[in-house]
Amino acid sequence: MASDYPVVNTHNEWDPLEEIIVGIVEGARIPPWETVTPAVVHHDYLLDFYRQNGGQPWPQELVEAAQKDIAEFVHILEAEGVTVRRPSLYDTAKPFSTPDFESLSSCGALMPRDVLLVIGDQIIEAPMGWRSRHHENHAYKDLCKEYFRQGARWVSAPRPQLSEASYKKDFLPPAEDEPMRTILTEHEPLFDAADVIKCGKDIFVAQSSCCNRAGIDWLQRHLGDAYTVHEVEVFDTHPMHIDATFYPLAPGKLLINPERVKKIPEIFKKSGWDILVCPPPNMPDSHPMYTCSKWLSMNVLMLDEERVIVSKGEDDIIRALKDWGFKPIECSFYHFESIAGGLHCATVDIRRRGELQSYF
Ligand code: ABU
């Protein structure tokens, strides 16, 4: 369907959604063990799993269950009138090396949100901190070229070297009662696109074990004076990405993770935004989560200011969203979440109907 908006046009998380990229399960591999692994994987008991199995395909039964979830998600999006695009399959099994490191394999194309940062009419390929994800942008090259031909701006942030100098030696994750720390040094700018969340002319970013201060500085300088990039103060023992922590869902409505957000930026308070405190996740402890935390419950996807796709089974946030005036649409997603991320992670919005403005 023809749109009145540029082919790439995304200013916030809630303007009416027209086109989105949804990740694929095909080709997905268990992330190979690397320096960053113990800094981002929440459970120590999983570290041996990664040491022993990293680089192998995920077991077939996990893949099939995740594929079923993604198919339901795509069906819902299309039924709600959204155009869904998919990444291209690339050779994830191929080991690769650079002058600075070697990787047993790539990981796949499950989570476009981490790779491509779409702001306004531009697509920014993120300078990602995981070595095994260094070539994940391959999966999106065909789509980026197509969007570029249709008028989008397309740029890659400086490709990181990811030598040992990018990671702190002998890093140990912080305990709950210690100050937040991440594995990254300031050797070079690093961020995953999911460390960033948009709110019109204001962009919010949290440091993590994929995002350093230099990455935030790079983004501010790259975007220039039209935008203000704010750093959000968070605490997480294994920090990775902002979208299960701090999420402006709609004008005047900020969803926060009560365990992680340490300080709400003053502009939200000054402008009278409602602070929506996310209830604890409902996912049972018995459900296997190999990469992310159960807080994926708040990793929802807004279709507009009211309609929101939420992971089925998360009854407490579903009830809260209704109380806050939203219209939740439930989608089975626990199996995809087991090996990858949530509904927001699994997507990147390409076009929403709206203009750049300030909400403060
Ligand atoms: N990409 C979101 C991951 C955050 C979490 O595991 O809580």
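The largest cavity in this predicted model has a volume of about 320 Å³. A cavity here is a set of points, on a 1 Å grid over the protein atoms alone, where a 1.4 Å probe fits but cannot get out. The volume is the space filled by probe spheres set on those points, which are joined across faces, edges and corners. Of the 29 residues that line the largest cavity (an atom within 4 Å of a point), M111, M240, T291, C292 and A340 are the closest to its centre. By class, the lining splits into 15 nonpolar, seven polar and seven charged residues. For this sorting, Ala, Val, Leu, Ile, Met, Phe, Trp, Tyr, Cys and Pro go down as nonpolar, Asp, Glu, Lys and Arg as charged, and the others, Gly among them, as polar. The structure holds four cavities of 30 Å³ or more.

So what sits in the largest cavity? The ligand does, meaning that more than half of its atoms lie within 2 Å of the cavity's grid points. Around the ligand (a heavy atom within 4 Å) are M240, H241, D243, A244, R260, C292, S293 and C345. This shell is made up of four nonpolar, two polar and two charged residues.

The side chain of S293 has an N or O atom 2.6 Å from a ligand oxygen. R260 places a polar side-chain atom 3.0 Å from an oxygen atom of the ligand, and for D243 the distance to a ligand nitrogen is 3.4 Å. On its own the ligand has 250 Å² of accessible area (Shrake-Rupley method, 1.4 Å probe), and the protein covers 99% of that.

Then there is the largest pocket, at about 390 Å³. A pocket is an open set of points with protein on both sides within 12 Å along at least five of seven lines. Of its 18 lining residues, H42, H43, S293, K294 and W295 are the closest to the centre. The lining has six nonpolar, six polar and six charged residues.

Residues are numbered from 1 along each chain as its sequence is written. Local features need pLDDT of at least 70 and side-chain atom pairs 80 or more, while totals for chains, interfaces and linings use all residues, and side-chain values use heavy atoms, with hydrogens and water left out.

Definitions and conventions
Polar contact = N/O pair within 3.5 Å; in protein donor to acceptor, adjacent residues only side chain to side chain.
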